[in-house]
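Student: Please take a close look at the aromatic rings here. I would like one connected account of how they are placed.

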Amino acid sequence: MFDIVAVNVAYYLPDFSTTPTKNKALHLRLLRQAIEKSPEELQLILGEILKLPKRKQEDLAELLRDVSLSAIISAAKIVADRLKFLTGLEAILFDPDTKKRLKERSQLHRIIAQNCWLFGEEYNLSADDKSLTEVLRKHLKILGEDIIVDEPVKHVSKERGIVDLMLSRAIRRHRADDLTHLIVELKAPKVKINRDEITQLEEYAISVMKDERFKSVNTTWVFWAISDDYGDYAEYRMEKTDGRTDGKIKQANNLSIWVKTWAQVLDENRARLQFFQERLEYEADKGASLQHLQERYSKFLHGVLVEESVEDNPEVQETE
């Protein structure tokens, strides 16, 4: 079918033979796609392009001279996917039912470890659910120090301390000599950050500061505890400026300790994406966002997003 149509196109269109090779290839490729599959995706794409006003077509053509269409699509998809992720994450963190079922270490932790952009594009994941001794090894490796760590880092109150996430940001000059480590302790959304959680962060900070091998003139250590909410003790410990608090518990030299809520983290990320969201005219739907999370992280969300069955809902039975 395609061969017959292609031959007739070449025969009945007098200018076809003199058309540049690239143009002929495009025409025949579109023709073949339409005859063999007529895919809905291609129809949608071509339909949207043909609907563009002339000025927008010119803008697109000019843009494609500098940036590939593949790169444009990838950039837009990253923004859309992140907006869906934020909306879906917000739903499972704050919905009264899902937050009860969401487990800290095996579910929330695993999802967040794959989305460290939540804490800033400048950070990279250095350690995930590792001991303080492994954190030291990662720290020395980033600094380029060829030192064998044969003695474990001593925790001030227990035998072995495990940090959830360590993210690192290095401002490179001749070497990674301006370094920031962000230690993030994730708490299940049903757990309020209070005395125990703040003490845990402070003990990690003390353990790091007491070990001489961690010492570096240009290294900054930032410790976060994140959950849905915090208690009275945490609120009392927070430093206040003009009667308000940003969650800072302690700031001393190259070390700071913070309490953060997921609402703050989500709002900060939405603020960073707002410009692109407005230009894309995109709004993340809650249902589609939850489906996005379920498809991407199904092995981590087992038992969290439970769909209501017909037996559990008499109204559905009556409708059917």
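**The aromatic rings**

Tutor: Phe275 has a relative accessibility of 47%, so it counts as partly exposed (buried is under 20% relative accessible area, exposed over 50%, and partly exposed in between, with a 1.4 Å probe and protein chains only). The model is predicted, so local features need pLDDT of at least 70 and side-chain atom pairs count only at pLDDT 80 or more, while totals for chains, interfaces and linings use all residues. Residues are numbered from 1 along each chain as its sequence is written, and side-chain values use heavy atoms, leaving out hydrogens and water.

There are five aromatic pairs in the structure (rings of Phe, Tyr and Trp, the last by its six-membered ring, pair if their centres lie within 6.5 Å; planes under 30 degrees apart are stacked, over 60 edge-to-face, the rest tilted). One of them joins Phe85 to Tyr297 edge-to-face, at 6.0 Å centre to centre and 70° between the planes. This pair links distant parts of the chain, 212 residues apart: Phe85 is in helix α5 (residues 69-94), and Tyr297 is in the loop between α12 (286-296) and α13 (314-319). Helices are DSSP runs of H or I with at least four residues, numbered from the N terminus. Phe85 counts as buried because its relative accessibility is 2%, and Tyr297 counts as buried because its value is 6%. Phe275 and Phe276 also pair: their ring centres are 5.5 Å apart and their planes lie at 85°, so this pair is edge-to-face. Ring pairs also link Trp117 with Phe85 and Tyr297 into a cluster.

Definitions and conventions:
Helix = DSSP H or I, 4+ residues; strand = E, 2+ residues; numbered from the N terminus.
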